[in-house]
Structures are given as structure tokens and as C-alpha cells.
Amino acid sequence: MTAERTTVRAGRANGTYWRTALSLAVLATAVWLAHRHWPVLHTGAVRLAGADRRWLLVGAVAASGTWLCAAVAQQGSVVPRLPRGPLVATQFAASAANHLLPAGLGAGAVNVRFLMRRGLTAGRATTAVAVKATAGAVARAALLAVLAAACPGLLRLPSGWGGWAALAVVAVGAALLAVLRHHARCRAALTAVWADVRAVHAVPRRAVALWGGSLAFAALHACVLIAVTRAVALPLPAPEVALLYLAASGAAALLPTPGGIGSLDAALGLALVTAGAPAEGAASAVLGYRLLTLWLPLLPGLLVLGVLVRRRTL
């Protein structure tokens, strides 16, 4: 009996050491990122010093709302009820973790771990995160289509690219169909995913949370950029700015980097300049957007991530 107690205590001590080490590693990563990208932070702060602070405050409120929307969408992806406080804190931490790994892997890993701690199996937790990501992509595509119809002529592919884009879509679709047709494991996995999707949509509140949270998440990110363009006095209508954001973020996803660092910045800047914004003003708007959505929440988000790990919420 004594040996068993000793083993249990040793296991708990090892777990505590690992959680402490992970928390310290997260903090060290935050400091390293801030040091590495300090010129961007400093330049952005200087350029935004003369911006309209009221609009910047609006942008900050909209950025804060994205974490609540992410929590609502994540709740909508599962049938069991999740604790609200830890859920929102997890989304805040996940947004910071997303800046450490490309293609949303950081946020996905944090959310999968959180759902598993709530009693879901690894498969169902992964499915829930995939359902949320899919709903987010569909919501962005729907908003993009609506705004493109409202702002005709703003988005144009270079001459000759339309046929190549259609050909690429057909090729990808054919490849996916071939894989699904000849791979039993893929079919079984998709069958399980479809069963979870049907279960979620059988509960109206969950379906509303999933799609409403996903739409609001994309819309609020667009609102952040709109508020920043107003703060730096860019002469662009709000619907056009929202459309440019959705198009640029979609294009940046084709070159996945941690937090979209580099790819999203370049895509947003190019989109704003192409739409008629002055280069200096476009750079200030992009820097302001990144400060509100990435740099300012990064250190607090990583600290929250460390706390959640230490408290075994993750």
C-alpha cells in the first residue's frame, strides 16, 4: 500500500513538474516573439500614436468580441454543455497558441485538449474542432459572396487566371473523390463525422450557436480592420474594407504561417493599396489591425494558456 502511495505521489510530482516546465516554456516563447518582432511593435505604436483613439477603442472591443464568438461556435460544435468561463478562457489562450504553429494547429490542439478534459473522446473532440473550422470557412465564404455582390468590380483575378482557378478546383475535387472512393478508413471517418454533425444540428440551440458564432467571428474581425482604417483616416467605404479583409485572409491561408505573420500582413496591405488607399496609410492600418488582434493579446493569452495547463483545464 505504501509503495502504491509513493508511486501516485511521484506521478503527481512529475505531472506538476511537466506543467510548470510547459508554463515556463510558454512564457519564454512569448518573450522571444516579442523580442524578435519588436521593430514591428515599435513602428506600429509610433504610427498609431496620432490615430483617432475612439476608433481604436471600437476596434479593441470588436477584437475582444471575437473570443466570445469563438467560444459560442465551439459550444455549438458539441452536444454536451461546456463550462462558460473555462471555454472563453480556452478560446483566448487558443488564439495565442495559434501564433506558435501554422494553419490553425495551435488553436486546434488547445481546443481538442479542452474538449477531452470535458470527457469527449479524442475522435469526437477532433471532429468537433473540425466542424467548427468548417463552419468558419463556410461562414467566411458566405460573407465574401454577399459583399462581393454588394461591391461589384472590387475583386478581380488577373487576366487568364479564372480558367486556371476553375481547373484547380476540379482537380482537387476529383482527387478527393478518388481517395474517398478507394479508402475505407476515410469513408468510415467521414461517416462518424457526419453522425456528429447531424447530432449537433438536431439541437437547434447548438446549430444556431455554431453558425451564428462563426459568422459573428468573421464579421468582428472585419470590423476591427474597419475601425482601424477609420482611426487612420483611410478613404475606403466600410463594406469594401470588409470585403478586402475576407479576400486577403482567404489568400493568406494558402500560405500558412504562425498567426498569418507575414502572409496576412502582405495580403492586407496589397489589398488596401490596390483598392486605392495610400501606401503609408495602408501600412498603418495593417499594423493597427495586427496590434489589436495579435500583438497586444499575445502575452496575456500565453499566460492564460500556462495557467489553464497548470490547473489541468487543458
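In which hand does α3 pass α4? The crossing is right-handed, where right-handed means that the near helix is turned clockwise from the far one by less than a right angle, and left-handed that the turn is anticlockwise.

1. Basis. The model is predicted, with local features needing pLDDT of at least 70 and side-chain atom pairs counting only at pLDDT 80 or more, while totals for chains, interfaces and linings use all residues. Residues are numbered from 1 along each chain as its sequence is written, and side-chain values use heavy atoms, with hydrogens and water left out.

2. Overall make-up. The chain holds 12 helices and 0 strands. Helices are DSSP runs of H or I with at least four residues, strands are runs of E with at least two, and numbering starts at the N terminus. Read from the N terminus, the order of elements is α-α-α-α-α-α-α-α-α-α-α-α. The chain has 314 residues, of which 38% count as buried. Buried means under 20% relative accessible area, exposed means over 50%, and partly exposed lies in between, with a 1.4 Å probe and protein chains only. Among contacts (heavy atoms within 4.5 Å) with a separation of 6 or more, 74% come from residues 24 or more positions apart.

3. Helices α3 and α4. Helix α3 covers residues 53-76 and α4 covers residues 84-97; the two pack at about 115 degrees, with their axes 8 Å apart. Axes are lines fitted to C-alpha atoms, for helices over the stretch in contact, and angles run from 0 to 180 degrees between N-to-C directions. The pair is therefore roughly perpendicular; that class spans 65 to 115 degrees, with under 35 roughly parallel, over 145 roughly antiparallel and the rest oblique. On the α3 side the contact is made by W67, L68, A70, A71, Q74 and Q75, and on the α4 side by L87, V88, Q91, F92 and S95. These residues of the contact comprise 7 nonpolar, 4 polar and no charged. Here Ala, Val, Leu, Ile, Met, Phe, Trp, Tyr, Cys and Pro are nonpolar, Asp, Glu, Lys and Arg are charged, and the others, Gly among them, are polar.

4. Helices α10 and α11. Helix α10 (residues 238-252) packs against α11 (residues 263-274) at about 140 degrees, and the axes are 8 Å apart. This crossing is right-handed. From α10, L244, Y245, A248, S249 and A252 meet S263, L264, A267, L268, A271 and L272 of α11. The contact divides into 9 nonpolar residues, 2 polar and no charged.

5. Salt bridges. The count is 2, taking a salt bridge as a side-chain nitrogen of Lys or Arg within 4 Å of a carboxyl oxygen of Asp or Glu. One joins R54 and D52, with N to O at 3.4 Å. R54 is exposed at 64% relative accessibility, whereas D52 is partly exposed at 23%. The other joins R290 and D265 at 3.1 Å, N to O. This pair links distant parts of the chain, 25 residues apart: R290 lies in α12 (residues 279-310) and D265 in α11. R290 is buried, at 4% relative accessibility, while D265 is partly exposed at 24%.

6. The loop between α11 and α12. P278 sits in this loop and is partly exposed, at 44% relative accessibility. Leaving out residues up to four places away in sequence, P278 touches L234 and P235. The C-alpha atoms of P278 and P235 are separated by 9.0 Å, although the two residues are 43 apart along the chain.
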